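Please look over the chain shown here. The briefing below goes through its layout, topic by topic.

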Amino acid sequence: MSRLQLVDDKTLEAVSLDKAVDLSCESIQALDTEYLHIDDAYMRVAADDIASFINIPTFDRSAMDGYTIGKTDLKRLQTGRSLRLRVASIIGAGSIENRPIRPGETCRIMTGALLPEGSVAVIKQEDVEIINENYIIVSVRPRRGENIRRAGHELMAGDRVAAKGQVLKAEILERVAACGIERVPVYQVPRVYIIDTGNELLLPGSPIKTGCIYCSNRSLLACKITSSRALPSLSPSVINDDLHTIIAAIKKAARVSDMIIISGGTGNGLFDLVRNAFEYLNAQLLFKGINVFPGKNTSAALIDGKLIFNLSGSPSAAGILFEALVKPALLKLKGELLYKGDWFNIELASPIEHLKSGRSLHRGEMIIEQGHAYALPVNRKDINTGNIPLLLDVHKRSGEEPVMVKAKLVVD
Ligand SMILES: Nc1nc2c(c(=O)[nH]1)N[C@H]1C(S)=C(S)[C@@H](COP(=O)(O)OP(=O)(O)OC[C@H]3O[C@@H](n4cnc5c(N)ncnc54)[C@H](O)[C@@H]3O)O[C@H]1N2
Ligand code: MOO
């Protein structure tokens, strides 16, 4: 390992957060696709448009439990007359009445059942007078088509029920199932490998030692990866600030995962060696440093086509940078169409304490006051209050206290 040398990458300039997101996202493509049974496809990402092969419903059906009305009887009723109709048959949902409806006749029909030929309306059972099981009297004036659901009124054959890149949520999968489609094309789920570097780190469960802290980033990142519907995998132990150990961990991660996150070692201290490991591995450095706080030392690289992020060891910075930078790339890897997420403008509920000049990212929560949504800045002690969590993107220009900020919903 004598060939290991510390790299001097000071020549690389820090990029804006937007540029860092673009460079990361542009360097990767969605994973391969597979077909899954709809029962296993919840929250997976559609790898192609999914369209119906059939009209839904495929036949004209009754929308109510009631009685069918034929064309001639409808005309008579519309003149204001009362009619005594003979109940010719009973049609339940799923059964078929082959005989067309005749003048002076009705069929008792259940909700969802196929209408007999010649039916032009259905009258709800509570709107007729039942004389006995063979006769009813109708005195209402139905509209043509009343209580009839026509073939194709929900969907026509060829209509799209899911778009490529859309997350298959409950209501979408209901539509897919309604079309009779059993298997759907989806993107594979990314496996994201987490490496925590730092000599001071202990895994929870081990006895505390002087000068050491418990490693909490792996829990934070694993939860965020899980809530992004990807698969976290954790290095079996924390990784010491030793170049060979870091290189071995990255090599292993690149073999078994689709994306890698390394926490710690982003700084310029003597034991911040992750970028030296990148150099040794001939990684293609995408950027080194982002003009935002926290995260000014964040970097990203490609190793064997796998995107690898080096986030700050500080858990609050790592959590924020996951949301702002890693998550868009992860969603792109998953095949999600809207991988960058929506930023919206929102007013701060209170000023942010000790706000730095320039651009900074913060944790926030949405609160509602007198019907208006505001972003309340929160520090780490106050999070998880039950309010909707937000990521806040704040620009402070000299001498100005920002009022409006950009925000993005955080799901974890
Ligand atoms: N001379 C300077 N020193 C530092 C600067 C600077 O500009 N000049 N920047 C500071 C900032 S900002 C950051 S961020 C850090 C960069 O830190 P690293 O990414 O190299 O991370 P570490 O030094 O390893 O750790 C930072 C902090 O977080 C704790 N940590 C690390 N890993 C974990 C983990 N897995 N779980 C929980 N906590 C973790 C670690 O003990 C440190 O306290 O550099 C500053 N220094
Ligand atoms: O670089 Mo640090 O992540 O700004 O807090």
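The centres of domain 1 and domain 3, taken over C-alpha atoms, are separated by 68 Å. This is a predicted model, and the chain is divided into four parts: domain 1 (17–31 + 189–334), domain 2 (33–56 + 153–187), domain 3 (61–149) and domain 4 (344–409). Domain 1 and domain 2 are each assigned as two segments.

**The sheet with β18**

- Six strands make an open sheet in the order β16-β13-β17-β20-β19-β18. The pairing is mixed.
- Its edge strands are β16 (231–234) and β18 (284–288). Each of them pairs on one side only.
- From one strand to the next, the twist averages 20 degrees.
- β18 pairs with strand β19 (residues 299–303) over four bridges. The sense is antiparallel.
- K288 stands opposite S299, a residue of β19.

- P294 sits in the loop between β18 and β19.
- The peptide bond joining F293 and P294 is cis, with omega about -5 degrees.
- F293 and P294 are both among the residues around ligand 2.

**K327 in helix α7**

- K327 belongs to helix α7, which spans residues 315–334.
- Is K327 buried or exposed? K327 has 25 other C-beta atoms within 10 Å, so it counts as buried; the cut-off for that class is 20 or more.
- Neighbours within four places in sequence aside, K327 is in contact with S228 and F322.
- L273 is 54 residues from K327 in sequence. In space the two are 24 Å apart, C-alpha to C-alpha.

**The sheet with β4**

- Another open sheet has six strands, in the order β7-β4-β6-β5-β9-β8. Here too the pairing is mixed.
- β7 (119–124) and β8 (129–132) are the edge strands, each pairing on one side only.
- The twist averages 35 degrees from one strand to the next.
- Strand β4 (residues 66–70) pairs with strand β6 (residues 105–109) in the antiparallel sense, over two bridges.
- Y67 stands opposite R108 of β6.
- Helix α2 (residues 71–78) packs on this sheet. The helix touches β4, β5 (83–91), β7 and β9. Its direction makes about 95 degrees with that of β4.

**Pairings of β21**

- Strands of a sheet pair through backbone hydrogen bonds, either parallel or antiparallel.
- Which way do strand β21 (residues 344–348) and strand β25 (residues 404–409) run, parallel or antiparallel? They run antiparallel, joined by four bridges.
- E347 stands opposite M404 in β25.
- β21 is also joined to strand β23 (residues 372–377), by two bridges. These strands run parallel.
- L348 has A375 of β23 as its bridge partner.

**Backbone points to check**

- A cis peptide bond also joins I56 and P57, with omega about -10 degrees. P57 is in the loop between β2 (50–51) and β3 (61–62).
- M43 has a positive phi, near 70 degrees, and is not a glycine. M43 lies in the loop between β1 (33–37) and β2.
- Why does M43 count as partly exposed? M43 has 13 C-beta neighbours inside 10 Å; exposed would require 12 or fewer, and buried 20 or more.
- N147 is another residue other than glycine with a positive phi, about 60 degrees. N147 is placed in the loop between β9 (135–138) and β10 (148–149).
- N147 is buried because 23 other C-beta atoms lie within 10 Å.

Terms used:
Residues numbered from 1 in each chain as written. Chains lettered and ligands numbered in written order. Predicted model: local features only at pLDDT ≥ 70, side-chain atom pairs only at ≥ 80, totals over all residues. Near = placed C-beta within 6 Å. Contact = placed C-beta atoms within 7 Å. Pairing = 2+ DSSP bridges. Axes fitted to C-alpha atoms, helices over the stretch in contact; angles between N-to-C directions. Domains from an automatic or database assignment.
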